[in-house]
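The following note is meant for a colleague who is meeting this structure for the first time. Please keep the sequence and the model in view while going through the numbered points.

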Amino acid sequence: MRLREAGLSRESLYRALSEEGSPSLDTALCVLKALSVRLMATAAPTAREV
């Protein structure tokens, strides 16, 4: 994995993803970038659409 290229060290990744950790959105986006994964959001259906 190219975490260093995404700006993360192994230690910071382990800390963020541990049971006590609380990864930020920035950390999650860095991991996704290192994995060459694109995150896309869509609107949730409204009550009328369900």
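1. The chain of this predicted model has three helices and zero strands, where helices (H or I, at least four residues) and strands (E, at least two) are DSSP runs numbered from the N terminus. Along the sequence the pattern reads α-α-α. The radius of gyration, taken over C-alpha atoms, is 15 Å, well over the 10 Å that the globule rule gives for 50 residues, so the chain is more spread out than a compact globule; the rule itself is 2.2 Å times the number of residues to the power 0.38. The C-alpha trace spans about 45 × 25 × 15 Å along its principal axes.

2. A word on conventions: residues are numbered from 1 along each chain as its sequence is written, and side-chain values use heavy atoms, with hydrogens and water left out. Because the model is predicted, local features need pLDDT of at least 70 and side-chain atom pairs count only at pLDDT 80 or more, while totals for chains, interfaces and linings use all residues.

3. Of the 50 residues of the chain, 18% count as buried, a term that means under 20% relative accessible area, with exposed meaning over 50% and partly exposed lying in between (1.4 Å probe, protein chains only). The chain exposes about 4700 Å², of which carbon and sulfur atoms supply 54%; such areas come from the Shrake-Rupley method with a 1.4 Å probe, and for residues only the protein chains shown count as cover.

4. Which residues form the largest nonpolar core? This core has six residues, namely Ala6, Leu8, Leu13, Cys30, Val31 and Ala34, and α3 gives the most to it, with three residues. A nonpolar core is a set of buried Ala, Val, Leu, Ile, Met, Phe, Trp, Tyr and Cys residues joined through side-chain atoms within 4.5 Å.

5. Helix α3 covers residues 25–34 and includes Leu29, which is partly exposed because its relative accessible area is 39%.

6. Leaving aside residues up to four places away in sequence, Thr27 touches Leu8 and Ala16, contact meaning heavy atoms within 4.5 Å.

7. Ser36, in the segment after α3, has a positive phi of about 60 degrees although it is not a glycine, and is exposed, with a relative accessible area of 60%. Ala43 is also placed in the segment after α3 and counts as exposed at 73% relative accessibility.
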